[in-house]
Amino acid sequence: MDEQNKIWFEEILFPRRSLEPNGFRILMGAIFILSLIIGIMFYSLGAWPVSGFFGLDVLLIYWAFKIHYEQGKAAEIIRLSDDKLTITRIDHKGKREYWQFNPYWVNVSMACPPNVPKNIGETFIQARSHGKGTFFGTFLTQEKREELMHSLKQAIVDCKNYRPV
């Protein structure tokens, strides 16, 4: 890698999914068996229409998890090189949005977006320069956002202070 295109910072962020695919299968199997048992019980008591709703519940839970996992395909790429800070947001369908900032002018800070109530106490990472900006890392926890912001700010300082010999 030549020194003119040195990468000072690069982070790829993904939404966290705490339930792995194997855990999903186990959970759905348990929900299915439980719904089947309760559905059979209602059927045997003569309340057969209720049994159909238990099947519908299983399908709706499955559908909700599938949407949740589909949304997990989103990503954000934060890259700082000598001449630019690039933030790339990729949604779950693959659509990309880009923001580029000059590292000498960009301000990275924690702020509350205008569409989020200020009383919830959460702040998000914002990159701003010349009246333009974006929030990123919104799906991270507050602690991870602060950690990412401090790492990025340090990388920007290092980039600005670098003098090749």
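A surface patch here is made of residues with over 30% relative accessible area and no salt bridge, and nonpolar side chains are joined within 5 Å. Keep that in mind as you look at this predicted model. Phe32, Ile33, Leu36, Ile37 and Ile40 form a nonpolar patch of this kind, and together they have about 500 Å² of accessible area.

**The surface patch**

**Aromatic rings**
- A pair of aromatic rings is described by the distance of the centres and the angle of the planes.
- The model has 5 aromatic pairs.
- One of them joins Phe24 and Tyr62, a tilted pair with 5.8 Å from centre to centre and 35 degrees between the planes.
- This pair links distant parts of the chain, since Phe24 is in helix 1 and Tyr62 is in helix 2 (residues 48-71), 38 residues apart.
- Phe24 is buried, at 8% relative accessible area, whereas Tyr62 is partly exposed, at 39%.
- Phe24 and Phe65 also pair: their ring centres are 5.4 Å apart and their planes meet at 55 degrees, so this pair is tilted.
- Phe65 lies in helix 2, 41 residues from Phe24 in helix 1, so here too distant parts of the chain are linked.
- With 22% relative accessibility, Phe65 is partly exposed.
- Phe24, Tyr62, Phe65 and Tyr69 make up one aromatic cluster.

**A charge over rings**
- Lys6 has its charged end over the ring of Trp8, 4.2 Å from the ring's centre.
- Lys6 also lies over the face of Tyr162, 5.3 Å from that ring centre.

Notes. Residues numbered from 1 in each chain as written. Predicted model: local features only at pLDDT ≥ 70, side-chain atom pairs only at ≥ 80, totals over all residues. Heavy atoms only, no water. Patch = residues over 30% accessible without salt bridge, like charges linked within 9 Å, V, L, I, M, F, W, Y side chains within 5 Å. Areas by Shrake-Rupley, 256 points an atom, 1.4 Å probe, with all protein chains shown as cover. Salt bridge = Lys/Arg side-chain N within 4 Å of Asp/Glu carboxyl O. Phe/Tyr/Trp six-rings, centres within 6.5 Å; stacked < 30°, edge-to-face > 60°. Helix = DSSP H or I, 4+ residues; strand = E, 2+ residues; numbered from the N terminus. Buried < 20%, exposed > 50% of the residue type's maximum accessible area, 1.4 Å probe, protein only. Lys NZ or Arg CZ within 6 Å of the ring centre and 35° of its normal.
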